[in-house]
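Trainee: I would like to learn how to read single features from a model. Please take them one at a time.

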Amino acid sequence: MKRAISIIVTLALLAWLASDQRWKMVGDAFASITPGAFVAVAAALFVTYVLRALRVCDEFRDDVNGRFGATLRIILIHNAMINIVPFRGGETAFPILLRQVFGVSIVRAGASLLWFRLQDAFVVGVLACLVWPGLHPALRVAGIAALIAAAWYLPRWARAPHNWTAGGGTGKEMTAMNVLPIPASGLPEGAVMPEHKLSIVIPMYNEADNVEPLLVRIHQAMENYSQPWEVVLVDDGSTDATPAEIRRLAAQYRPHVHGVELVRNYKQTAAMQAGLDAARGDVIATLDGDLQNDPFDIPRMVYRLLTEDLDLVAGWRKNRQEGFWMRRLPSRIANRLIARVTGVRLNDYGCSLKVFRGSVIRSVRLYGEMHRFIPAWLATVTTPRRISEEVVTHHARIHGQSKYGISRTFRVVLDLVFMFFFMRYRTRPGHFFGGIGIVLGVIGSLILAYLFAIKVFWGQAIGTRPMLITGFFLVIAGLQAVTSGVLAEMLSRIYLEANGTLAYVARPQPAPGEGDGWQWPSKPAVVEKPKARRK
């Protein structure tokens, strides 16, 4: 019934617009546009709507949950209402539609709409500085720089308006993780867990509402665990009550729950490395602090790691509880690309639930945003045959905000380039730069040889030919690449020797007993002299 009424109202509105003679001027303007130009303009307009929908998906990623089609429909209706309703009254359609479709509160949607319009104002200001006629170049550059600086250093409340209404509710029913059904351990019948000590490392950032439910779930999962275990909670410079919650619960659960507080937000990789440094177990499990990983998968993964003699068992979120277009599809493409480049064939690089052999993960230091490529980094110190994956449970986020947006795609590509270089050429960077230099130098030399031949033997002028500059440029670039390779080789050796790093990692062996492994010289036989007879 609602759909029929909306269609009737739309048709009536279009009929009213067609009857208004003032729209005839608009129609006459469109009549002068060629079909090709009209198609190009329509395609560009559609791209702008797609980008606006992506911006809304990124702003409300937990509410939208990857439903890009519904978001695009909201954007189209919103912009249509802006153009139809006078005095920009159509802006009210945005918070109303978000509330109706995704359950976002009116106040939160309105705050984000103001933030969008502020962003648009900065873009328009930059464009105005670029095209303003007669403006002095110095003032043009200064105006653009001032607008960019203002947009970059806006206060926190303006950069993240969805935090204005923290705790305002989204209309969704929040279910604590400790009331979810308790699955079976997943261990084979009669399985005996090998002896070890387990450390569970959890980096957290602004997850105050998740600390206690996660610890409750961990203790439910480890209630019948037959080996010693501990939990290391790392606060990555949170700005909410996460540090206080960690301290309170660590004091409550002591002594096997430990807290590590970083002085500021160093990002997930540094927080994970801090947890690995604090972990004391010979088996280490890592998982996110957002309640999306289920601790009940840990015993099964540890058992497989130890009984199959593996160095890493990575989680595979086969039934991922997130949207397809904004999360699962980009993740699937990234996983295949990473597997192709690194040679480590895994279906899910992004899952934080992983179980490591402590001696192996401690031989790798994590920097930057390397946590996405931990399996690939481990492949530099072990063989990919000792890396496997296990299907794990994945829950939808219950509390808090996701820390990842669509912008991480570009960082992943850059990290992948560095990962490729490090895996292939860490101990021989001269081969990488030298190979590039040789190729450039050979091409440049061939060009210069050709120009030399036509100058000397055919008498043609070569001074104004672009090939002459290109040839010299390629030769010089080749020489620079080769010398860069030599310098990189020297720096690589300085790095390895200064840090006591070897070009290999050997599996630790039991200490040999005395005499084991050596061929000792045989001792000469002692011949006893016959005793003299007593007379």
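Mentor: Start with C57, which counts as buried because its relative accessibility is 3%. Buried means under 20% relative accessible area, exposed over 50%, and partly exposed in between, with a 1.4 Å probe and protein chains only. C351 is also buried, at 1% relative accessibility. This is a predicted model: local features need pLDDT of at least 70, side-chain atom pairs count only at pLDDT 80 or more, and totals for chains, interfaces and linings use all residues. Residues are numbered from 1 along each chain as its sequence is written, and side-chain values use heavy atoms, without hydrogens and water.

Trainee: How many disulfides does the structure hold?

Mentor: A disulfide is a covalent bond between the sulfur atoms of two cysteines. The criterion here is a pair of cysteine sulfur atoms within 2.5 Å, and the structure holds 0.

Trainee: What span should helix α7 have, and what is the distance between its end C-alpha atoms?

Mentor: The expected span is 1.5 Å times one less than the number of residues. Helix α7 covers residues 106-131, 26 residues, so it should span 38 Å; the end C-alpha atoms are 37 Å apart, which agrees. Helices (H or I, at least four residues) and strands (E, at least two) are DSSP runs, numbered from the N terminus.

Trainee: Which residues of α7 are buried?

Mentor: An α-helix has 3.6 residues a turn, so residues three or four places apart point the same way. Among the buried residues of α7 are R108, A111, W115, F122 and C129.

Trainee: How do strands β2 and β3 run?

Mentor: Two strands pair if DSSP finds at least two bridges between them. Strands β2 (residues 229-235) and β3 (residues 257-261) run parallel, joined by 5 bridges. V234 has V260 in β3 as its bridge partner. With helix α11 (residues 242-253), the two strands make a right-handed β-α-β unit. Right-handed means that, with the strands pointing away from the viewer, the path from the first strand over the helix to the second runs clockwise.

Trainee: Where is P255, and which residue does a cis peptide bond join to it?

Mentor: Most residues other than glycine have a negative phi, and most peptide bonds are trans. P255 lies in the loop between α11 and β3; a cis bond joins R254 to P255, with omega about 5°.

Trainee: What is the phi of N206?

Mentor: N206 is not a glycine, yet its phi is positive, about 55°. N206 sits in the loop between β1 (198-204) and α10 (208-221) and is buried, with a relative accessible area of 18%.
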